[in-house]
Amino acid sequence: MGELDLKRESITPKSVEVYQQSCGKINPVKIGEALGQNLHSGQKELASYFLAENRNKWNIYIALCSRRWGKSFVADDVAIAELLTPYSRVGIITYGLDRAKEHFNEILLGLNTLFPDANTDRKQKKKHKVSIFSLQQDGKIEIVIDGISSFLYIASEGSFNTRIVGKALTLLILDEFW
């Protein structure tokens with residue numbers, strides 16, 4: 001009898017493997033600094049929990065901080081850092097449509113600040129290194145870097161059922177959502 005060939009192929013999709021290898025390598029604090037923000041020490045600590053060395057310690061992070069502490073502010077930097085990770089899928093659920101719009105606008109502004117020359121024309125997507133597409137009415141931002149897409153889905157408590165449920169997310173942020 002011959003030897004059995006026990007080579008095993010991974011059933012994990014290549015996109016998941018690339019995401020896992022890249023996850024947590026983009027520092028949310030550095031994103032904030034690049035956007036001209038001065039995070040206080042507590043915000044820096046909270047953001048550091050999303051770095052590679054801390055990312056797999058817990059499945060759920062809960063920030064119990066005082067009012068006006070800056071949790072939403074940090075959440076936007078964390079979301080941007082995650083969006084710059086290949087194949088990421090970020091969901092943000094907020095209390096109220098106004099708060100959802102604020103997150104959407106701040107994150108889009110942050111991406112456009114980091115990539116001022118990014119393409120915004122879908123027809124030209126393949127010709128550019130970085131493309132950013134957004135649909136506020138759908139609460140969706142797509143960033144394409146070197147042909148790899150990452151997505152952000154933002155919803156209020158009244159619309160998350162149709163906008164976020166059923167999406168395979170790499171990060172879910174619940175902001176002022178109880």
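Select residues 97–114 to begin: this is helix α6, with 18 residues. From its first C-alpha to its last, α6 reaches 26 Å, close to the 26 Å expected at 1.5 Å a residue. (The expected span is 1.5 Å times one less than the number of residues; helices are DSSP runs of H or I with at least four residues, strands are runs of E with at least two, and both are numbered from the N terminus.)

This is a predicted model, where local features need pLDDT of at least 70, side-chain atom pairs count only at pLDDT 80 or more, and totals for chains, interfaces and linings use all residues. Residues are numbered from 1 along each chain as its sequence is written, and side-chain values use heavy atoms, without hydrogens and water.

Next, colour the buried residues of α6: Arg99, Ala100, His103, Phe104, Ile107, Leu108, Gly110 and Leu111. (Buried means under 20% relative accessible area, exposed over 50%, partly exposed in between, with a 1.4 Å probe and protein chains only.) Look down the axis of α6: the buried residues fall within an arc of 165°, so they line one face of the helix. (The arc is that of the directions from the helix axis to the C-beta atoms.)

Now show what the buried residues of α6 pack against: α5 (71–83), β1 (89–94), β2 (130–135), β3 (140–145), β4 (148–156) and β5 (171–175). (Contact means heavy atoms within 4.5 Å.) Turn to the face away from the buried side, and find exposed Asp98 and Leu109.

Move on to the loops. Most residues other than glycine have a negative phi. Select Tyr87, between α5 and β1. Its phi is positive, near 65°. Tyr87 is partly exposed, at 29% relative accessibility.

Finish at Asp146, in the loop between β3 and β4. Asp146 also has a positive phi, about 50°. At 52% relative accessibility, Asp146 counts as exposed.
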